[in-house]
Amino acid sequence: MLASRAGGGGPARAMTPMVNAETIEARIKSVVSRNWKKVQEQCRQWDLSNSGEIEVSQFKELCDKFKFNLDPADFHLLSIKFDINNNGRFSYTHFLKHFVLTVTPHSPGVREKSLLPDTKTQTPAPTKQSPGLTSDQFYMAMLRVRDTVLTNWKDMRRQFRKQDPTSSGAVSPFHFRDILRQYNVNLTEDEFYHIMTYYDKGMTGNISYNDFIGHFLRAVK
């Protein structure tokens with residue numbers, strides 16, 4: 001049963017309940033990870049308004065087409081979980097982000113140390129500012145560069161470190177973008193803005209390349 005949020009004098013608005021679907025997600029993670037580009041392409045064909053959402057019936061078509069093998073109860077749980085805007089539609093951007101990317105805040109100096117074992121980078125002390133804001137454009141940009149980063153992350157990291165003489169783990173926006181271009185990653189102004197504002201968590205004017213690379217590596221662990 002959906003909970004209600006009391007509006008200040010207006011009608012109560014349904015809220016998406018907290019859904020624990022970890023077991024279901026673990027079961028379909030491999031098939032989603034293998035087919036995410038095809039899933040994204042199909043969703044974009046349906047999503048003519050670029051809303052980041054599709055109809056639940058279209059999500060059912062995806063499940064059948066890519067053989068997610070969900071029973072009705074599992075399908076219902078995922079449909080509820082990814083009804084992000086409580087409008088009866090399925091957010092494929094959040095669905096793909098959940099399975100293909102790891103962009104949640106984490107404790108500094110823990111995972112990056114094991115993922116980047118030979119780096120001498122001193123992880124900066126955590127700032128009081130919240131992590132940067134995410135958006136559908138951010139997730140789509142991250143998905144677009146994912147394969148290139150995973151293929152070239154060691155070389156990328158070496159290039160970043162050349163521009164980071166103090167081993168801060170971050171570089172200027174100019175150097176960040178220039179190094180990505182060396183690997184044929186040509187971000188649009190909009191894509192670069194969304195990535196920059198997320199990874200410059202402390203609004204320092206620099207972009208954390210350790211966080212950027214680490215997020216992709218954690219997603220495939």
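## A loop residue to start with

Let's begin between two helices: Lys 67 sits in the loop that links α2 and α3. Its backbone angle phi is positive, about 55 degrees, even though Lys 67 is not a glycine. Most residues other than glycine have a negative phi. Is Lys 67 buried or exposed? Lys 67 is exposed, with a relative accessible area of 59%. Keep in mind as you read that this is a predicted model.

Ser 167 is found in another stretch of loop, the one between α6 and β5 (170–171). Phi of Ser 167 is also positive, near 55 degrees, and this residue is not a glycine either. Ser 167 is partly exposed, with a relative accessible area of 29%.

## The chain as a whole

Now step back and look at the whole protein chain. Its secondary structure comes to 9 helices and 6 strands. The chain has 221 residues, and 43% of them count as buried.

An α-helix has 3.6 residues a turn, so residues three or four places apart point the same way.

Glu 25 lies in helix α1. Because its relative accessible area is 7%, under the 20% cut-off, Glu 25 counts as buried. Which residues does Glu 25 touch, leaving aside those up to four places away in sequence? They are Leu 78, Lys 81, Phe 82, His 98 and Phe 99.

Lys 37 is found in helix α1 too. This lysine is partly exposed, with a relative accessible area of 47%. Lys 37 and Leu 96 are 59 residues apart in sequence, but their C-alpha atoms are 9.3 Å apart in space.

## Helix α4, mostly covered

Leu 96 brings us to α4, where it is one of the buried residues. In α4, 7 of the 9 residues are buried, and the helix is mostly covered. The buried ones are Tyr 92, Thr 93, Phe 95, Leu 96, Lys 97, Phe 99 and Val 100.

How many residues apart in sequence are Lys 97 and Tyr 139? The separation is 42 residues, while the distance in space is 6.3 Å, C-alpha to C-alpha.

Lys 60 is partly exposed, with a relative accessible area of 37%. Lys 60 and His 76 are 16 residues apart in sequence and 9.9 Å apart in space, again from C-alpha to C-alpha.

## The second largest pocket

Rolling a probe the size of a water molecule over the atoms shows where empty space is left. The second largest pocket of this model has a volume of about 340 Å³. It is lined by 18 residues, of which Arg 44, Asp 136, Gln 137, Met 140 and Ala 141 are the closest to its centre.

Which elements give two or more residues to this lining? They are α1 (22–46), α4 (92–100), α6 (136–162) and α8 (189–199). The most comes from α6, with 6 residues. Sorted by class, the lining of the pocket has 5 nonpolar, 6 polar and 7 charged residues. So two helices you have already explored, α1 and α4, turn up again in the lining of this pocket.

Methods: Residues numbered from 1 in each chain as written. Predicted model: local features only at pLDDT ≥ 70, side-chain atom pairs only at ≥ 80, totals over all residues. Heavy atoms only, no water. 1 Å grid on protein atoms, 1.4 Å probe; cavity = no way out; pocket = protein on both sides within 12 Å on 5 of 7 lines; lining within 4 Å. Points joined across faces, edges and corners; volume = space filled by probe spheres on them. Helix = DSSP H or I, 4+ residues; strand = E, 2+ residues; numbered from the N terminus. Nonpolar A, V, L, I, M, F, W, Y, C, P; charged D, E, K, R; others polar. Buried < 20%, exposed > 50% of the residue type's maximum accessible area, 1.4 Å probe, protein only. Contact = heavy atoms within 4.5 Å.
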